[in-house]
Amino acid sequence: MIKNIPFAAMVGLCFTALYFFVALFAPLIAPYGMAEIVGEVWEPASADHWLGTDNIGRDLLTRMIYGGRTTIFIATMGTILSFVTGSVLGFLAAVLGGWADQLISRFVDLVMSIPSLILALVILSVMPVTVPVLIVVMGLLDATRVFRLARAVAVDIAVMDYVEAATLRGEGGAWVIFREILPNALSPLVAEMGLRFIFMVLFISTLSFLGLGVQPPMADWGGIVKENKDGIVYGIGAALWPAVTIATLAISVNLVADWILNRTTSLKGGRG
Amino acid sequence: MTDPLVKVRDLKIGATVYPPNAKPHDIAIVHDVSFDLERGKVLGLIGESGAGKSTIGLSAMAYGRGGVRITGGEVWVNGRNLLETTNSDLRKLRGGEVTYVSQSAAASFNPARQIMEQVIEAAVHQKKVNRAEAQKRAVDLFRTLGLPDPENIGSRFPHQVSGGQLQRCMTALALCPQPDLVVFDEPTTALDVTTQIDVLMAIKAAIRDTGVAALYITHDLAVVAQVSDDIMVLRLGNTVEYGTTDQIINNPQEDYTKALVSVRSIDHEEKVPSDKPLLRVENITARYKGTNVDVLSDVNVELHPGQTLAVVGESGSGKSTLARVITGLLPQTAGDITFDSRALPRAQKARRRDDLRELQMIYQMADTAMNPRQTVGTIIGRPLEFYFGYKGAEKRQKILDLLDKIEMGPEFLDRYPAELSGGQKQRVCIARALAARPKLIICDEVTSALDPLVADGILKLLLDLQKREDVAYLFITHDLATVRAIADSIAVMYQGKVVRYGPKSGVLAPPFDDYTDLLLSSVPEMRLGWLEDVAAHRKMEAAGN
């Protein structure tokens, strides 16, 4: 198994694992406290502060580590929420068909017709901006995309004879969805999950940059860009570090997702 | 002495396989096959799926499909060894000297271009015939092949002619460049039996009139016996027997050939109907949602406990629709269904669990009838758990009993459908239906996707199970040989109506109505000269009328 992984996927897997490891154990790894002021404003990199300090003199490496923890946590939770809601609704629409399908699908179309960033900004400007609210808003908005995919995949599976056989046996919806359809729809959904996770990272970073995401003094990558963006004018590179981490995380997760997609859609294996 | 048109010596064909958990390696598909084909003669290649018959046929054009390579031997066509010919010379040969007729004409014609354009293309490009000449030839061929309105049919598009006509157009396409050799790859397999006979007659007439040589590939020995001079029986890439048609049919030497010749020789005594039918279908009319055409109109049939009712008809006759109505997937618009002396609700959702349990279904394609992600144990075990609540060791024991009934061992318990052969898959589907202890099993074309010998095994198993479990079958099929083998009573369907219905002995005995007569006389028989007899008979009748 391990030796069959192509080089690109291996690199992606290593980097992704590294990011998640750092996010999980942030308090143990970070050299300073998250909001601790330890130096002058925008100090250059030194032995004490490997990436320098930020706009009010906090250690930038510490901020990046804690920021990664927040960003990855919110993105992961949002992705899970969007997949659970999106795929359950998508399967339901495919299995029920008729007016139930029309109702759910047209509602999703309605939500999708409004750009999700603008919709999120509107909702978050009237709601208290806390981490759970962010997760729910982002997760539900993204669930519309997952719904589309899940429904398309499930519609193909729902017409198979083995699903008809289960229906004829008198099985309920839960068995049909979770035991007949889900196992056969899992691989395209898992591959899509990798891509959607990165969109989540970008989404939360965008929101934070605009000031409607994670609130200070908590750190997250979008927020770090926002706090340090003025430094760019004076040649301070602090705002660029989050860009580097977001880019590398995006590339590595996509390398893994590509590999899963290749494995599961190859002609030799079919959906297997 | 002149050389034969085609001379194949020690042909070896191989391919590379990519198993999931092992290194890619090469396998041999065809082992040392040799044959000769004279001008104007027809050689039949016959075998089950995987026998390598299509692969050998395509090798006459030096072509390997989907990664298949010719690895050794010689293929001489018109005095040239094709394996030592350059690609550009091969391109001139293909479509010019050697042409090809595929199984599915519908999938092989370009739907966006008129038939005539496609029929004359090879002649114009490969043989440099001018267009007017090629069109004249095509019209002649259309006439030879018995197509209606031969002058104008070429200006139609492929979707504007029927499946049987399109298959004949494809034969015209192959013959138009006046090739020396035509490769027919299962040209009638996808057709209804009543259409098949017309196409067969047309192909035979065209071969005779044009004097072309042909390789005729099929899995149906009865069909190949009608058109070929010599027959080669293949199995797993090896030559089993090679001889004249007369010798193969009347005096087969090898056990495998004997089995092929005597296939469908199951003897089945018709049972006497009891006084109380298990299933009574009365005045059923049904149509699909959003249409105003009745797919079934006024259908009446009865089925007695422990017996078999065969529903026969060509595609589109409504026989599968009848199954959907009985199972409740398509509620009827009028009429009643009585099952085990109680009325069945029209919609499947409104039926009692016992009704669902006692009425099981087996599908044509075992591949799609089983969830590829469930093991054989789960597939068979689920009805046991669902209907009877068996769990753990008890359930396991019941599954093993069922596997035993379908003549499969306990080692299959943890296998996935992809790890089974076609016949084994269908057996597992039978076991799943049996697990519910049904009174009636609807069998929808359960043997038509299987090779003849495997299908024979399945039919024997079904009959055996019927004896032991006293289960009734509603057997939907287009194959009259199957019907003869298993039915107690027969319903012949045509355009949504039952045109003939009764006990087997009555339905299969004269006097016949027109449609049943056509259907019965169209089933290929395993003897020489059958096709000529039918043709002569029909001509006489037409003259008499």
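**Reading packing and contacts in a predicted model**

Q: Where do I start, and how do helices α6(A) and α8(A) pack?

A: Remember first that this model is predicted. For two helices, look at the angle and the distance between their axes. Helix α6 (residues 131–158) of chain A and helix α8 (residues 173–209) of chain A meet at about 150 degrees, and their axes lie 10 Å apart. The angle is over 145 degrees, so α6(A) is roughly antiparallel to α8(A).

Q: Is the crossing of α6(A) and α8(A) left-handed or right-handed?

A: α6(A) passes α8(A) in a right-handed crossing. Find the contact on your screen. Residues from α6(A) include L134(A), M138(A) and L149(A). Among those from α8(A) are I181(A), L189(A) and F203(A).

Q: What classes of residue make up this contact of α6(A) with α8(A)?

A: Count by class: 17 are nonpolar, one is polar and four are charged.

Q: How many residues does each chain give where chains A and B touch?

A: Take each side in turn. Chain B gives 17 residues and chain A gives 12 residues. In chain B, α12 (353–358), α13 (366–369) and α14 (376–388) each supply at least two residues of that side. The chain B side holds 11 nonpolar, four polar and two charged residues.

Q: Which domains make up chain B?

A: Chain B divides into domain 1 (6–261) and domain 2 (279–509). Their centres, taken over C-alpha atoms, are 36 Å apart.

Q: How many residues of these two domains of chain B are in contact?

A: Eight residues of domain 1 contact six residues of domain 2. On the domain 1 side, α7 (193–210) and α10 (255–261) of chain B give two or more residues. That side has three nonpolar, three polar and two charged residues.

Terms used. Residues are numbered from 1 along each chain as its sequence is written. Chains are lettered from A and ligands numbered from 1 in the order in which they are written. This is a predicted model: local features need pLDDT of at least 70, side-chain atom pairs count only at pLDDT 80 or more; totals for chains, interfaces and linings use all residues. Axes are lines fitted to C-alpha atoms, for helices over the stretch in contact, and angles run from 0 to 180 degrees between N-to-C directions. Helices (H or I, at least four residues) and strands (E, at least two) are DSSP runs, numbered from the N terminus. Angles under 35 degrees count as roughly parallel, over 145 as roughly antiparallel, 65 to 115 as roughly perpendicular and the rest as oblique. A crossing is left-handed if the near helix is turned anticlockwise from the far one by less than a right angle, and right-handed if clockwise. Two residues are in contact if their C-beta atoms, placed from the backbone, lie within 7 Å. Ala, Val, Leu, Ile, Met, Phe, Trp, Tyr, Cys and Pro count as nonpolar, Asp, Glu, Lys and Arg as charged, and the others, Gly among them, as polar. Domain bounds come from an automatic or database domain assignment.
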